[in-house]
Amino acid sequence: MQFSSFMILAFKCLLIAIVIVIIVAFFYHNIQKHVLKRKSLNKRQSLKYILLSIYLIIVFIATLFSRESSSYGVSLQLLSSYRYAWNNFSVSEWRYIILNILMFVPIGFLVPLVYVKLRAFYKTTLFSLLFTLLIETSQLISHRGIFEADDILNNLVGGMIGYGLFTLLHYLYSHVIKTDKKPIWKIILAQLPLVLTILIFTSIFVVYDLQELGNLKENYNQIIDMSDVSISLLNKLDNKTTNDYVYIIHTFNQDECSEIVQTIFYNLNTEIDTIEEIEDGYVYTAINNQVITINKDGTFQYGTLSDKSSSHLTSSNIKSLLSRLGISLPEDLTFGYEDNMYSMFIDMESKGDYILNGTIEVQIINNQISYISYNVVSFDTYKEVEIISASEAYQMINDGYYITDYLNYVPREMDVKYLGIRYHEDTKGYYQPVYTFQVLEDNEVIGAIYIPAMA
């Protein structure tokens, strides 16, 4: 959820909670005064109860009634959401965790404020535990969320932080009005949850910032139960530990972009007239008004799509036409033709100290190229790294150390075919080696499993 969406939801929940509390307070006051003939609560007590009631209603609406009935289940693997946020290093995921903590800070503050008998750490913590269990159970029963151990942990931490803030403010207030107060060491001890939380999150972001490479979303978040799954390997695996490479996308400066465009224009018997810098690259216009838009990753577009029927040519004909423009292609290509367009696919093709990956779409009319969409990216070698063996990667699948994001489901009888190493982008823009396995059930492909290869 985006922060703006969260703020809109919070504002709506607040309005609804205020309306509910006003209605309940009106009936309560009249029943106390006219039916039971009792005095109502004083203004200070009423304000405390109102604040607590508004807070509890907001939490229930936000966690239950603001969601549609959809996925549900139980996740008792502690810290799995932290591993997911770390692997993806997503701002939204870290924000979700932090908001889950902050959501329960008010309960740790308001409960001891309203109920004097609950002004003890273990009592407030127990109340927070019971309340979060109520929410998680309600989500599970209503199919509006997952009963998750991490949510309970985060909510408890939030309640502890809230209690610490209450004890600190209550101590300062007691100091001002010179009433009895707790020993200072108890106040300091109550701040430990807040201090530890700040230290832990600060350490997470500092460690991430200091590490050389980013994190891979293909790393496991929680261990899959494989006790009832039968796995069969369809091909042999190497059990030797070897080295591979980490790559990074080559960024083209203006001189390199100009060289590419100049070559194409030269072969089209024209030359560069104007250059316009845009956000991610440059726009080159020739003296005959032909235009090439090139991005800083080396991808570019030339020409205009036509409604005319494209020529029917062989792959060698297309390669020859492209070579005339100075565009060379590797030998290992996959060709396709659809909707009046030729497509060429390059799958991590090695060119010495760099690799190519991407697609090229070409339209050819009367043996002339009318349109090119060159979406092939060049990856430079960044560093050599040690990787685990293919057998070790397969063993991780057997042990459940993988994610199911790329599977339709986990079958009871799983056939696994090793496809080799691919290179996936990490959270810092580097491309790390990843073992790729195809998963089949009854000879039908149902997805893939990726195991990060770096040792």
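Let's start with confidence: in this protein it is lowest in helix α1 (residues 3-35), at a mean of 74, and highest in helix α9 (residues 192-210), at 97. The model is a predicted one, and its mean pLDDT is 89, with 93% of the residues reaching 70 or more.

Now step inside. In soluble globular proteins, nonpolar side chains tend to be buried together. Here the largest nonpolar core has 30 residues, and those with the most contacts inside it are F300, L322, I327, M344, I360, I369 and I372.

For a closer look, pick M344. Leaving aside residues up to four places away in sequence, M344 touches I318, L322, L329, L333, T334, F335, G358, T359, I360 and V362. There is also a second, separate core of 26 residues, with V246, L407, M414 and I449 among them.

Finally, have a look at the second largest pocket, which holds about 520 Å³ of space. Its lining is made of 22 residues, and F252, I260, G326, S328 and Y374 are the ones nearest its centre. Which elements give two or more residues to this lining? They are α10, β11 and β12, and α10 provides the largest share, five residues.

Terms used: Residues are numbered from 1 along each chain as its sequence is written. This is a predicted model: local features need pLDDT of at least 70, side-chain atom pairs count only at pLDDT 80 or more; totals for chains, interfaces and linings use all residues. Side-chain values use heavy atoms; hydrogens and water are left out. A nonpolar core is a set of buried Ala, Val, Leu, Ile, Met, Phe, Trp, Tyr and Cys residues joined through side-chain atoms within 4.5 Å. Buried means under 20% relative accessible area, exposed over 50%, partly exposed in between (1.4 Å probe, protein chains only). Contact means heavy atoms within 4.5 Å. pLDDT is the predictor's confidence in each residue, from 0 to 100. Helices (H or I, at least four residues) and strands (E, at least two) are DSSP runs, numbered from the N terminus. On a 1 Å grid over the protein atoms alone, a cavity is a set of points where a 1.4 Å probe fits but cannot get out, and a pocket is an open set with protein on both sides within 12 Å along at least five of seven lines; lining residues have an atom within 4 Å of a point. Grid points are joined across faces, edges and corners, and a volume is the space filled by probe spheres set on the points.
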